[in-house]
Amino acid sequence: MTQNINQRLDWASNEALRDLPTVSADDHRSGMRHLASGVSIITSRDGETVVGLTATAVCSVTVDPPRMVVLVNKKVAAADTILASGALCINVLAASQAHLAKVFAGMVEGVFGPARFEHGNWHSRVSGAPVLEGALATFDCRVVKVFDESTHHALLCEVLHASEPPGGEPLIYVNGAFCRVSPLEA
């Protein structure tokens, strides 16, 4: 069976740059601390198993078809459940939901695994993945492609249901801290 991975086979990297060394992991990590990112809780369900994790590596890919990409560390317990179910929900957090971000990031002592879902109100939509009531936005998705990228899976997802956003300030992660966005004065 031939698998179409949508890779441009007629493109080649710049030969003058191809063999240059990359920066160290520490230098990259240091620079990335200043790249502000929205915070989401990625959830999934496979049978009775429910999982969730806090993520900042989430991005819209296209509107038509409605696709997003989510990067998940291969070592987290949620990775296997997401791959087994082929579904996930991106729950975009509001600034008022910083506590939930900490719960699902494993930053609250004694709360792990399914006990994380005791925090917040959860239901499900089309995919069966847990959907957070009151999230700034939710995107219930099916995974359509999985790319193996070093320590992470890059999950290309098609959106099956998107919530009606209630409004509010987004939760942002930058320089090792959860923050809220304050509008600039005009």
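**Exercise 1.** Leaving aside its neighbours within four places in sequence, which residues is V72 in contact with?

*Solution.* Start with the ground rules: this is a predicted model, where local features need pLDDT of at least 70, side-chain atom pairs count only at pLDDT 80 or more, and totals for chains, interfaces and linings use all residues. Numbering runs from 1 along each chain as its sequence is written, and side-chain values use heavy atoms, with hydrogens and water left out.

Next, contact means heavy atoms within 4.5 Å. With those close neighbours set aside, V72 touches L53, A79, I82, T151, H152, H153 and L155.

**Exercise 2.** Find the largest nonpolar core and the elements that build it.

*Solution.* First, the term: a nonpolar core is a set of buried Ala, Val, Leu, Ile, Met, Phe, Trp, Tyr and Cys residues joined through side-chain atoms within 4.5 Å, and buried means under 20% relative accessible area (1.4 Å probe, protein chains only).

Now the members: the largest core has 17 residues, and I42, V72, I82, L88, I90 and L155 touch the most other members. Elements giving two or more residues to this core include strand 5 (67-73), helix 3 (77-85) and strand 10 (152-162). Here helices (H or I, at least four residues) and strands (E, at least two) are DSSP runs, numbered from the N terminus.

Finally, look elsewhere: apart from that core lies another, of 15 residues, with V39, L93, A101 and F117 among them.

**Exercise 3.** How many helices and strands are there in the chain, and what share of its residues is buried?

*Solution.* Count the elements: four helices and 12 strands. Then take the burial: 33% of the 186 residues are buried.

How values were computed:
Buried < 20%, exposed > 50% of the residue type's maximum accessible area, 1.4 Å probe, protein only.
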